[in-house]
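Morning, everyone. I'll take a few minutes on one model. Have a look at it first.

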Amino acid sequence: MKILLIDDDATFRERLALSLRRRGHEVWTADDGDALGQAGDVSPDGVLLDLRMPGEGGLALIPQLRELCAHARIIMLTGYGSIATAMEAIRQGAADYLTKPASLQQILTALEGRPQEAEEETPSLDRVEWEHLQRVLADCDNNISKTARVLGIDRRSLQRKLAKYAPSR
């Protein structure tokens, strides 16, 4: 499957692209600046699109992506999910809407248009906490002190939690 991954978070984008390539998919990556050019050149089968990006944002790109690659399944992927944005994404033409953290299997299932399995939709509390910490840390430009203040915990506790490996589920 040819997949176009559009996300402004370069680290997330490259890690997900690597995982998808390891599964045998052809993956092109773009931030919002060159996304439409890539879509026109690649004609992807699937598009993974971040909701919150500088500039127009993911919602504004959906109609343009629909024009460029009408056959592609567009999957909105966001760390800031809400019912309102999910409904707007589907109304604009997205095929599915996933909130981060989404597993690779959930993403592939959405790209293939298969229904999600209920067991995979519920991550463990440890997993949700770890992903939330990572998201807030990224929002705070990897500043541990600022992240601890935002989360309302002391810096040492945050460092202990961040030192742990990500829970598998």
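From which domains does the lining of the largest pocket draw at least three residues each? From domain 1 (2-112) and domain 2 (125-164). Those bounds come from an automatic or database domain assignment.

Ground rules, quickly. This is a predicted model, where local features need pLDDT of at least 70, side-chain atom pairs count only at pLDDT 80 or more, and totals for chains, interfaces and linings use all residues. Residues are numbered from 1 along each chain as its sequence is written, and side-chain values use heavy atoms, with hydrogens and water left out.

Back to the domains. Their centres, taken over C-alpha atoms, are 26 Å apart.

Now the pocket. A pocket here is an open set of points on a 1 Å grid over the protein atoms alone, where a 1.4 Å probe fits, with protein on both sides within 12 Å along at least five of seven lines. Lining residues have an atom within 4 Å of a point. The largest pocket holds about 1100 Å³ of space. That volume is the space filled by probe spheres set on the points, which are joined across faces, edges and corners.

The lining has 33 residues. Nearest the centre are Asp9, Phe12, Lys100, Glu131 and Gln134. By class, 14 are nonpolar, seven polar and 12 charged. Nonpolar means Ala, Val, Leu, Ile, Met, Phe, Trp, Tyr, Cys and Pro; charged means Asp, Glu, Lys and Arg; the others, Gly among them, are polar.

Which element gives the largest share of the lining? H7, with eight residues. Helix H1 (10-22), strand E4 (73-78), helix H5 (104-112) and helix H7 (125-139) each supply at least two. Helices (H or I, at least four residues) and strands (E, at least two) are DSSP runs, numbered from the N terminus.

Next, the sheet. It is open, with five parallel-paired strands in the order E2-E1-E3-E4-E5. Pairing needs at least two DSSP bridges between strands. Strand E2 (26-30) and strand E5 (96-99) are at the edges with a single partner strand each, so one side of each has no neighbour in the sheet. Strand E3 (residues 46-50) pairs with E4 over five bridges. In one of them, Val47 partners Ile74.

Last, two backbone points. Most residues other than glycine have a negative phi, and most peptide bonds are trans. The bond from Lys100 to Pro101 is cis, with omega near 5°. Pro101 sits in the loop between E5 and H5. Asp141 has a positive phi, near 55°. Its loop runs between H7 and helix H8 (144-151).
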